[in-house]
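Hi there,

I am passing this structure on to you, and I hope you enjoy looking through it.

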Amino acid sequence: MDAEQLRRAFTGFFEERGHTRLPSASLIPHHPAAPLLTPAGMVPFIPIFLGEERPAHKRATSVQKCFRTADVEIVGRTTRHLTFFEMLGNFSFGDYFKELAIPFAWELVTGPLGVDGDRLWVSVHETDDDAAAIWSDTVGVPAQRIQRMGEDNFWEMQKGAPGPCGVSSELYYDKGDEFGEGGGPAVGGDERYVEIWNLVFMQSQRLADGTIVDLPRKNIDTGAALERILPISAGKPSVFDTDVLRPIVAAAESATGRRYGDDEEGDVALRVMADHARGMAFLVADGVLPSNEGRGYVLRRVIRRAVQRAYQLGSEKLVTPTLVASVVEVLGGAWPELTESADLITDIVSREEERFRQTLRSGFALLDEALAAGNRTIAGDVAFRLHDTYGFPIELTREIAEERGVEVDVTGFEAEMAEQRRRARRHAKEGAGAASADERYRALVDEHGPTEFVGYEVTEAAARILAVLASEGDTVEVFLDRTPFYAEGGGQVGDAGTITTPTGTVEVTDTNSALPGLHRHLGRVVEGEVTAGQEATATVDADRRRATMRNHTGTHLLHWALREVLGDHVKQQGSYVGPDRLRFDFSHFSAPTRQELARVEELVNLAVISDAPVLTEETSMKEARSRGAIAFFGDKYGDMVRMVRAGERSLELCGGTHVPALGMIGPVRIVSESSIGANTRRIEALTGEAALDRIAAEEQLLERLAAQLNARPDELPDAVERLVEGKRAADEELRSVRRRGLAEQAAQLAAAAEDGAVVARVDGLPPDQLRELATSVRSAPGVDVVVLGGSPDGQRASLVSAVAKGSGLVASDLITEAARTVQGGGGRHAELATAGGRDASRLDEALDGVRRTVAEARRSG
């Protein structure tokens, strides 16, 4: 059985049993409770398990791509651990539980997958008698091959972290006596007893404070690693001998000239290269790029580990292109995103390898020198030099050292890193004396003049660094002689991107003006160091810029359309133009109607469809005003201004960046309109892809609603009207029934009056209905005093007192003491008073006190 046959056998088995096959989600999870990368097949279903979303299907099956960072350092040293793997899974969302999940697993493994049942062992949680009984009594697994374990059979995404969790049961395959001690997985170890399937009974949730509570429903989440089952079903010694990895191992052999099986050191290296090739290819295909933090750091680490292993095997040429080409060839059929992104993957990993190889030889020379010194520890400053100068991640240094039986002074390394950050902050102050920030900025302008902005034409430009100043925390301020980065202004956010020199890289997170005309690039040094006087390449995040341009030109069209629909009195009062959305504040005396907003949106989109050019022109302020150009709120203008004509009707003064033609904005969708002050309104809108996503989501919502109402989307208004009318009639009928019930109950209570007084307990009614009942009893002939007490929920207490005008009693006085008894209080009213309390257990005591109060009042009257 090959990998594709295994995928089909697994998912087909469950599809035959009512499961819907769902596609794999990305390796980049999006739920707040999810870890950095998708480690298991259940991650896409976290919102369903937590009850945040309703499942579209009660049963599901999938083949989910997964990546686990915890196994990075183990990979290669065993023949079963991997970073990237495919998780085969079946899921039940409140449908079946252990009673079916366990027999399903046994039937599939011993049937279509062809695993010998006599070689299977089972583990259950030490408290899970139900699972043990199903394995023994229903499936027929011998009791001696069912073992109870502790925390090994309690599953959670990250140990101790908030999220769904539950006890589990695992299937193990016994490879035989030659692989270690017998006695089952609890005794024999991982090399002999290989876990092939984990059945998680997902019925719990760990909260942020560590407590575990029940989920809204009992769920099933199972995960069987394809790479664990495949060697067994294919009759191969290990996963590295199967069709998903052996061709990639062969590519590693070709790239290094080493043959798999010749020696253990070479085999470990070839296995690392093959596994990491898969990991790097899938990470890049899902949008991860190398960096020094987060997912990007994981990618950088696996690329450099693979390159380091190739280098140790004597490879002087690039190996990653060969490796990822093999991955695409082997797995591109099952995972089309690899084929679609093949060129991008090759380009990204090749660039990373080239950068690492530039310093690899020198770095290994330094490391070999440190290892040859005979010391048992590599000094922290050496580890720091390897990291800072030669690009060796600290984990890589530790791993190489560990193979030689040497430790690394990690504490010293971290101290060096902290000192580097302090030096970067001090560096900005060198030569500046006690000058203030403004003085330094003015000195830059005096010496070099204003920043030359070239960002209207390009998003990447060569530049020279004029100064690098420290800011708050790890942030630095970089000043260039020329820049493509737009500085925040006119409502448009500043650009982000990178500034790269031969010795380092700054990740620019924002750009603004330190002084008029002086661009300040705010960011962090993410690699090496950058200094004044260096030549640099300034690169704007082009995708982010394009999205911002769409929103900025869209804002101009929105302003024009609002004036067209609402009147020329509309003036901009503020704006936000970012890559994610646009916000436009404007003067208007009332809320626009739905029809007016629809007309505004229609006009904007008609202008977009026209695809008219967006033209810019430098002219005098006087000329611009004579031609009807509109100035933006809050902006300052010089004698010469920049006019932006967006289509035939929109003409505004603007220094921002814009699309060259209206059609490039894409659809425009108004998502909200609100008041933010007297005569000031705010509109928020989306353009381009964000608008398309919004439209698609709204259409999906309409489809879901239509399906629930058994109607077409165009029939929804009539269907909803029928539903509302039906609910209105049902509510009236319910009120009528309740009134009749209360009337009957009131008659019964009135019939039991003693000396014209009714004091009784009536549970299960909300306070308003209890009050209605009391007034109804009071209206009965011969009744002039009514006090009712009850609990709507078994915990809270409600009291109502109703007296007739001629009774000589005050309603609130009758229940004042009773309210204290139930730990509450109430208002003071003569004829009708209510009160409440927290302790319903003392209601009878409270009502007894009322009876005494009424009796005493009668006697004294």
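**What I found**

Strand β7 (residues 163-174) and strand β8 run antiparallel to each other and pair over 10 bridges. Here two strands pair if DSSP finds at least two bridges between them, and the strands (E, at least two residues) and helices (H or I, at least four) are DSSP runs, numbered from the N terminus. This is a predicted model, in which local features need pLDDT of at least 70 and side-chain atom pairs count only at pLDDT 80 or more, while totals for chains, interfaces and linings use all residues. Residues are numbered from 1 along each chain as its sequence is written, and side-chain values use heavy atoms, with hydrogens and water left out.

Let's stay with β8. In this pairing, Pro-164 stands opposite Gln-205 in β8. Gln-205 also stands opposite Val-213 in strand β9, and β8 pairs with β9 (residues 212-225) in the antiparallel sense over eight bridges. Five residues lie between the strands in this hairpin, where Gly-210 has a positive phi near 95°.

Why is β8 (residues 193-206) largely enclosed by the rest of the structure? Of its 14 residues, 11 are buried, so the rest of the structure largely encloses β8. Buried means under 20% relative accessible area, with a 1.4 Å probe and protein chains only.

Next, a pair of helices. Helix α21 (residues 716-751) packs against helix α22 (residues 767-778) at an angle of about 50°, and their axes are 9 Å apart. Axes are lines fitted to C-alpha atoms, for helices over the stretch in contact, and angles run from 0 to 180 degrees between N-to-C directions.

Which residues of α21 meet α22? Arg-738, Arg-739, Leu-742, Gln-745, Ala-746, Leu-749 and Ala-750 in α21 meet Gln-769, Glu-772, Leu-773, Ser-776 and Val-777 in α22, where contact means heavy atoms within 4.5 Å.

Last, a sheet. Five strands form an open sheet with mixed pairing, in the order β27-β28-β29-β31-β30. At its edges are β27 (757-761) and β30 (824-826), each of which pairs on one side only. On average, neighbouring strands of this sheet are turned by 10° against each other, direction ignored. Within the sheet, β28 (residues 785-790) and β29 (residues 797-803) pair in the antiparallel sense over six bridges, and Gly-790 stands opposite Ser-798 in β29.

Happy exploring!

Note on methods:
Buried < 20%, exposed > 50% of the residue type's maximum accessible area, 1.4 Å probe, protein only.
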